[in-house]
Each structure stands twice: as structure tokens, then as C-alpha cells.
Amino acid sequence: MDLLGELEDGSLINVEIQKQGYAFPAERISCYSSDLVMRQYVRARGIKGRNFTYQDIKKVYVIVLFEKSPGEFHKIPCAYVHHGRTRFDTGLEMELLQEYFLIALDVFRKFPYPKNISEQTAWLSLLVTEDLKEAEKLIREYPWLEEIYREIAMLRQRPEEVLGMFSEALRILDQNTIKYMIEMQQKNLEEKEAQLKEKDTQLKEKELQLSERDIAIKEKDIQLSEKDAEIAELKKQLKNRNSSDRSAHSPR
């Protein structure tokens with residue numbers, strides 16, 4: 001992303017600046033927004049830890065400034081700021097996290113100067129100003145822009161300050177990401193331990209079932225042995241009876 005900002009309520013703003021409108025702008029913008037949601041999710045999980053809830057994720061805004069906008073934007077020649085968000089066709093009231101502002105600077109530039117006096121016009125005029133003459137004219141219209149021009153000039157002369165701010169932002173993001181990764185690893189370990197305990201319980205249950213089955217088999221073996229003994233006894237008795245009958249009927 002080109003610029004990342006945070007509002008007082010914690011909402012995040014991704015400002016993308018494109019000199020030339022790329023192909024598939026809708027898909028690219030959707031990816032920008034999704035990336036910003038996940039960055040905020042990672043940071044919130046890293047800070048909140050186990051106390052994290054989805055309410056900790058604030059809205060995200062994607063602002064894309066096109067110096068040369070794609071052809072779709074020129075089909076609406078009188079509009080240069082396009083605001084979009086998700087709405088449901090049933091009238092369902094549900095505020096989703098993502099909003100978009102697409103700004104076609106080349107369309108804005110076609111409007112005659114001076115345009116309507118507003119802070120938005122001032123900022124957009126600042127972005128399309130290309131020479132000192134236009135800048136001086138703009139400062140006369142909006143005196144508060146002079147301080148911004150001075151700051152821009154200073155940053156151009158001392159770019160290391162910009163790099164320092166960027167490095168600090170990355171350091172904070174890395175710290176939050178590390179916290180989140182540690183928590184996720186701990187969660188994975190706890191889940192694996194729970195799975196192992198569950199497997200141990202299942203193994204013990206199976207061992208108990210096998211033990212019960214062995215006992216049942218032994219009981220059946222005992223019953224079969226008893227029946228074999230009974231059959232053997234009956235055969236013995238029958239044999240003795242047959243012997244007695246033969247003795248009784250034999251001639252003397």
C-alpha cells in the first residue's frame with residue numbers, strides 16, 4: 001500500500017495512488033480492502049490476545065487516487081469522487097466493515113478553476129497542481145495549504161525522516177504480528193494436547209472393550225468346557241447302561 005492512516009476511532013485508511021489505472025480495478029480494490037481487514041485482525045489479535053472479539057475490528061476505508069483513471073470512470077463525466085459500500089437489496093440493515101472512495105483526478109482536472117470552495121476541493125487541487133504558479137494561486141484561495149507545501153518541500157530535502165517513520169510503523173506491526181503468531185502457536189499446542197487426550201481416552205475405552213470381550217470369551221470357553229464335561233458324563237452313563245443291558249440279556 002502507498003499510505004496507511006488511522007482515525008481516532010481506530011478505523012484504518014488505505015490510500016492507494018496510481019498514475020495509470022491498471023486492469024481489473026474492481027478486483028484489485030477488493031484485494032486492497034481484504035488485505036487491510038486482515039492486517040487489522042492480526043494487530044487486534046496481537047494486542048488483545050484471548051480477550052479479542054470481532055468488535056475490536058473497526059471499519060476500513062480504501063481510497064484510490066487515479067492520475068489517469070480507467071475508462072469506466074469517464075462514462076460518468078460529471079463525477080470524480082465515487083463512494084461505495086455493501087448494501088443488501090432486501091433492506092437488511094447491516095453495517096459491513098469495508099468502504100471505498102475512488103477518485104479520478106483526471107476527471108477532476110477537467111472542471112474549470114476555481115471549483116466549489118471546500119476542503120475537499122483544496123486537497124484534490126493540491127494533488128493535481130503541477131507548477132509554482134498554480135500552487136501560489138491555490139494558497140491564495142486556501143492559505144492553510146502553505147504549511148503543507150512547506151512540509152512537502154522539507155520532506156523532499158530530508159527523505160530520511162519519512163523512512164524513519166515508515167520503519168517505526170513496520171516495527172510496531174512486526175511486534176503485533178509476532179504476538180499473534182505466538183498466541184496461535186499456543187492455541188495449536190493446546191488443540192493438539194486436547195486431541196491427544198481424546199485419543200488416549202478412546203484407546204482406554206477400546207482397551208476396556210477388548211478386556212470385556214476377553215472376559216466374555218473366557219466365560220463362553222468355561223461354559224463350553226462345562227457342556228463338554230456334561231456330554232462326556234452322559235456318554236459315560238450311556239455306555240455303562242448299555243453294558244448293564246448286555247449283561248442282563250446274555251445267556252447264563
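A residue is called buried under 20% relative accessible area, exposed over 50%, and partly exposed in between, with a 1.4 Å probe and protein chains only. By that rule Phe66 is buried, at a relative accessible area of 1%.

Some ground rules. This is a predicted model, where local features need pLDDT of at least 70, side-chain atom pairs count only at pLDDT 80 or more, and totals for chains, interfaces and linings use all residues. Residues are numbered from 1 along each chain as its sequence is written, and side-chain values use heavy atoms, with hydrogens and water left out.

Now the rings. Rings of Phe, Tyr and Trp (its six-membered ring) pair if their centres lie within 6.5 Å; planes under 30 degrees apart are stacked, over 60 edge-to-face, the rest tilted. The count here is eight aromatic pairs. One of them joins Phe52 and Tyr54: the centres are 5.6 Å apart and the planes stand at 65 degrees, so this pair is edge-to-face. Phe52 is buried at 13% relative accessibility, whereas Tyr54 is exposed at 62%. Phe66 and Phe73 have ring centres 5.0 Å apart and planes at 50 degrees, so that pair is tilted. Phe73 is buried too, at 9% relative accessibility. Ring pairs also link Tyr41, Phe52 and Tyr54 into a cluster.

Next, the sheet. Strands are DSSP runs (E, at least two residues), numbered from the N terminus, and two of them pair if DSSP finds at least two bridges between them. Five strands form an open sheet in the order S1-S2-S3-S5-S4, with mixed pairing. Its edge strands are S1 (3-6) and S4 (81-85), each pairing on one side only. S4 pairs with S5 (residues 98-104) in the antiparallel sense, over five bridges. Within S5, Ile103 is the bridge partner of Val81.

Technical notes: Helices (H or I, at least four residues) and strands (E, at least two) are DSSP runs, numbered from the N terminus.
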